Amino acid sequence: MKVTVVVRTYNRPEFLKEALVSIQLQTHTDWEVLIFDDSASVENFSIYNKFKDTNSDKRIMYITTKQSHDLFQNSWLLAPDLAEGELMVRLDDDDLLVEDTLEFLSETYTNNPELEFSYGSSVTFNENGLSEIIQTRTCYEHPKSHHE
């Protein structure tokens, strides 16, 4: 199953590099990346070019605008029309994926074809270390809403 990773970034090249490396290190190798850059910085474009060169067998797109935060919300609306993957994952520039994340998601959706949406665990850090852990709950554990 091909996975499209939608990366949103704004003027934080050091975070963008780390986020892209976390994609590159995935055990699941059938992925593509759509980078939505709200800063249109030369440094971010350079990071994209290096990432694209390093992963020449992958589809990697770079979409940008000079207007700050123009793509921040719109990226999630534009991504489905641009994505070629069967599954989309959002990854902000200050997020990292555990190395088997895409493999886990691909297997989960393959084994549960009725599943249309999921969300995952996260760990946040601050200057003092570990700040918060948010545990995953599956759609089967979550109370249904009228939209589900």
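Student: Which residues in helix H4 (residues 101-111) are buried?

Tutor: In this predicted model, the buried residues of helix H4 are Leu 102, Leu 105, Ser 106 and Tyr 109, where buried means a relative accessible area under 20%.

Student: What makes these buried residues line one face of the helix?

Tutor: Viewed along the axis of H4, the buried residues lie within an arc of 100°, and therefore they line one face of the helix. An α-helix has 3.6 residues a turn, so residues three or four places apart point the same way. Against E1, E2 and E4 the buried residues of H4 pack, while Phe 104 and Asn 111 are exposed on the face turned away from the buried side.

Student: Why is strand E1 (residues 3-9) called largely enclosed?

Tutor: Seven of the seven residues of E1 are buried, so the strand is largely enclosed by the rest of the structure. On one side these are Val 3, Val 5, Val 7 and Thr 9, and on the other Thr 4, Val 6 and Arg 8, so that both faces are covered.

Student: How do you know that E1 pairs with strand E4 (residues 87-92)?

Tutor: Two strands pair if there are at least two bridges between them, and E1 and E4 are joined in the parallel sense over six bridges, with Thr 4 standing opposite Met 88 in E4. E1 is also joined to strand E2 (residues 31-37), again parallel, by seven bridges, and there Val 6 stands opposite Leu 34.

Conventions:
Residues are numbered from 1 along each chain as its sequence is written. This is a predicted model: local features need pLDDT of at least 70, side-chain atom pairs count only at pLDDT 80 or more; totals for chains, interfaces and linings use all residues. Side-chain values use heavy atoms; hydrogens and water are left out. Buried means under 20% relative accessible area, exposed over 50%, partly exposed in between (1.4 Å probe, protein chains only). Helices (H or I, at least four residues) and strands (E, at least two) are DSSP runs, numbered from the N terminus. The arc is that of the directions from the helix axis to the C-beta atoms. Contact means heavy atoms within 4.5 Å.
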